[in-house]
2 protein chains.
Amino acid sequence: MATGTPETARTLLDAEIDEQPEAVARLLDREDAGVARVAAALRAAGVRTVTIAARGSSDNAARYAQYLLGVRHRLPVGLAAPSLVTRYGAPPRLHGGLAVGISQSGRSPDIVAVLEAARADGSPTLAITNDASSPLAAVADHVIALHAGPERSVAATKTYVASLAALALLSAHLGGREDLVAALRAVPDLLARTITGARGDVAALADTGPLASTLTVGRGYNYATAVEVALKIRELTGGGAAAYSSADLLHGPIASVGAGSPVLLVAPTGVVSPDLAELAGALRDRGARLAVIADDPAVLAAADDALPLPPGAPEELSPLVAVVPGQLLAARLAAAAGIDVDRPLGLAKVTETY
Amino acid sequence: MATGTPETARTLLDAEIDEQPEAVARLLDREDAGVARVAAALRAAGVRTVTIAARGSSDNAARYAQYLLGVRHRLPVGLAAPSLVTRYGAPPRLHGGLAVGISQSGRSPDIVAVLEAARADGSPTLAITNDASSPLAAVADHVIALHAGPERSVAATKTYVASLAALALLSAHLGGREDLVAALRAVPDLLARTITGARGDVAALADTGPLASTLTVGRGYNYATAVEVALKIRELTGGGAAAYSSADLLHGPIASVGAGSPVLLVAPTGVVSPDLAELAGALRDRGARLAVIADDPAVLAAADDALPLPPGAPEELSPLVAVVPGQLLAARLAAAAGIDVDRPLGLAKVTETY
């Protein structure tokens, strides 16, 4: 396939972005029964709180879980501070609350340490990892394997989306919601259509020039998407990018938005749509250049740069699809800057932090 | 005093930064007995988890609480997602866990809503606010008033440091720790010395030119400081600034650091000092321009730009002092760019988000 020219050379990152529909489909096939058993065990244990240890993209999956498990199950979900365990020797007392570790490699010692401490304290533990034979999986009571296949690009893409799918499947089984399982089964097709459609859209946007200090904004379920896209842009391009919830942006950092400032709104249809629409107005008043990821044509029509999503994802699953144009945009911006996206600026794939 | 020239005109922000020692001293005097009663009530209630609702700088005070209450009291501290209450109609079930709202004005409807929901659910609630007659104070079982005096500059400074002091005082009384109360009483003097010393240091740094896309980095207790300083830079200057824990930075975003990239390390002496030292080495290998806030002369000696702190603050109180050079740096960068720091780019002081 590759002809050797930059235009057609396939990167690992491209390939892994393209594998996302397949990865999610495989997860749903192979883990459905196992996740149902995990959900039954957690219900039996009477879990009342959830603490998630994760870093990088996995931390953004944890942000998604905060809304997913909050809205549907009213569970308070906290993001762990691993250094409390590894540096301060003071693991939180969870009193039977669930500790979850999310890690692509399952080999980050600090994430393993948080689960070890929770287990020693008698609390149930769950590992969500792409490597079912990893130390993280070994230390956990329950494991959801991502089945995403090897991820070799430094920037996580398919394991991120698979982590979201794993969490959504867990929520579906915790709530006995066949409708959500059915909606999840439609996600691989939505992902495939998004990947195909968005490549051209992001190329048009990225090729207008570098987007210095982009702000990415979402709210509710898609706050996670905004943070993940900012991380992708920063990792892959070395450029500045910062993420905010629409409410937090209004609390101060909107000051940094002036004429021509690039802002990426993650705005799939949902409960928070009016908030995003109001923010879009305020940003336009400041002269910002607005790129918008959305499924509603009316929302897209008001954007300077429209990044359309296919309709059909319920709000609670929209982050699985809405991240894709952001992944592709980050990759395209990096390519335009001559950066090797598979090894951007000397990063290692697995970072062992303590 | 003001002669009308930019050099000598005093801004509200300057004045409020200077009022910080006095604000903390007043809080300690006026709230000590009240906070002791709050601590006794929380102990009697058997509080096992803490959920904090806050935005902007107050959210960074919540990050400090995550370490303060985690290390000393082994309490899991989660940051609330207010939209779960205000948008999704799904307040978390706290089962007797403490809900804390931190808000300078006490008038942010979403923060009030989180406390209202917790109270309705039978969980204890605590307001930390500069306005003891605010809606937030009215809805809470317990109130810690900040006594910082009116804060008129858009960028929070003295109410941020006072919020940290309030949390530290609460921790001291929860743990019956007279040593921590005594150390807190030394903070006003440390603040005054830091303010005096750092003004010249930040001027030398800021006047070398704009610091585009600064990264701020801390770990443990001072992760909050890194996030707060990045917020100050973004609010006041409109420039890009992003904050990371040292561990999260290594997980990917260090890719954005190249030759000459400005990085601000918040590195007071503490348990995480070796982590910051290791990171400093990695950043130097990439050619970054390192500004360092620290009390240890050896740590400062390795910096391109040293922002010294007076010695004497224990690690758990160091965030109260270490934020000051960051506040002053943000103000100086803004002044150098000709920005009115008291009304940067049309922001309002009180932002009402839902």
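First, some ground rules: you are looking at a predicted model, where local features need pLDDT of at least 70, side-chain atom pairs count only at pLDDT 80 or more, and totals for chains, interfaces and linings use all residues. Residues are numbered from 1 along each chain as its sequence is written, chains are lettered from A and ligands numbered from 1 in the order in which they are written, and side-chain values use heavy atoms, with hydrogens and water left out.

**Stop 1**

Select residues 57–73 of chain A, which are helix H3, and residues 158–174, which are helix H7. Helices here are DSSP runs (H or I, at least four residues) and strands are too (E, at least two), numbered from the N terminus. The axes of H3(A) and H7(A) come within 9 Å and cross at roughly 20°. Axes are lines fitted to C-alpha atoms, for helices over the stretch in contact, and angles run from 0 to 180 degrees between N-to-C directions. That angle makes H3(A) roughly parallel to H7(A) (under 35 degrees counts as roughly parallel, over 145 as roughly antiparallel, 65 to 115 as roughly perpendicular and the rest as oblique).

**Stop 2: H7 and H14**

Look for A:Val161 of H7(A) and A:Val323 of H14(A), both among the contact residues.

**Stop 3: H3 and H10**

Back to H3(A), now with helix H10, residues 223–237 of chain A. These axes come within 8 Å and cross at roughly 170°, which makes H3(A) roughly antiparallel to H10(A). A:Arg63 of H3(A) and A:Glu228 of H10(A) are among the residues that meet here.

**Stop 4: A:Arg55**

Which residue of chain A does A:Arg55 meet in a salt bridge? Click A:Asp110: the N to O distance is 2.6 Å. A salt bridge is a side-chain nitrogen of Lys or Arg within 4 Å of a carboxyl oxygen of Asp or Glu. A:Asp110 lies in helix H5 and A:Arg55 in the loop between strand S1 and H3, 55 residues apart. A:Arg55 also forms a salt bridge with B:Asp248, at 3.2 Å between the closest N and O atoms.

**Stop 5: where A meets B**

Colour by chain. The contact takes 61 residues from chain B and 62 residues from chain A, and the rule finds 4 salt bridges across the interface. Over all chains, the count comes to 40 salt bridges.

Notes. Contact means heavy atoms within 4.5 Å.
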